[in-house]
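Dear colleague,

I am passing on the model below, and I would be glad if you could look through it alongside these notes on its charged side-chain pairs.

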Amino acid sequence: VLYLRDFNRLTFANGVLSRGPAQADTLSALSQLFTETGAQDPVFLGASLGAIGAVDLGLKLNINRILAFGYLDRTRSDDRWRLGDSRAPVLAAREHLIANGQVPSLQTHLAAANRSVPIDLFYNPVNSIDSYYARIFAGLPQARLHAVGAGRSHDALRPVLLNGQLDTFLS
């Protein structure tokens, strides 16, 4: 298990600071780690803003499987505001810090991937943010949607963990 955290809150667009100042440094460090440890079939998992990192880094590293628990697309600032996402002001204020100034959309990432990578999206169908992105994923051939959770929470990981279902989804 490898836990990555983006302390800059830039949705991993600049990579992981402890691995270098750019996303390329993070990609290189992860590739080296996989080689050194003999990791044959890593699975990338991310929740909320971390789901962007899991999808972004996973596609760039040609990972075989990605689990995204509540996804947010970096390029949709206006949609975050409209949907009432409380992180919209923080993200909008930090977007100028992204290294190359350009952040591809999910569809652009998937088109650039050299093969179809299965992405499991776990979302709360009652939450407006989750259901919005679920509709985007629904149009992608490699996406598998899993409605989880109750109430209005954006936290799609907690119900899976509390119900003991993570092992099921990992296998």
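This is a predicted model: local features need pLDDT of at least 70, side-chain atom pairs count only at pLDDT 80 or more; totals for chains, interfaces and linings use all residues.

Residues are numbered from 1 along each chain as its sequence is written, and side-chain values use heavy atoms, with hydrogens and water left out.

Taking a salt bridge as a side-chain nitrogen of Lys or Arg within 4 Å of a carboxyl oxygen of Asp or Glu, the count comes to three.

One of them pairs D56 with K60, whose closest N and O atoms are 3.2 Å apart; both residues lie in helix α2 (residues 49-60), four residues apart, or about one turn of the helix. Helices (H or I, at least four residues) and strands (E, at least two) are DSSP runs, numbered from the N terminus. D56 is buried at 2% relative accessibility, whereas K60, at 42%, is partly exposed (buried means under 20% relative accessible area, exposed over 50%, partly exposed in between, with a 1.4 Å probe and protein chains only).

R65 and D120 meet in a salt bridge at 3.0 Å, N to O, and this pair links strand β2 (residues 65-71) to strand β3 (residues 119-123) across 55 residues. D120 also forms a salt bridge with R144, at 2.9 Å between the closest N and O atoms; R144 lies in strand β4 (residues 143-147), so this pair ties together parts that are 24 residues apart in sequence. Through shared partners, R65, D120 and R144 are joined into one network.
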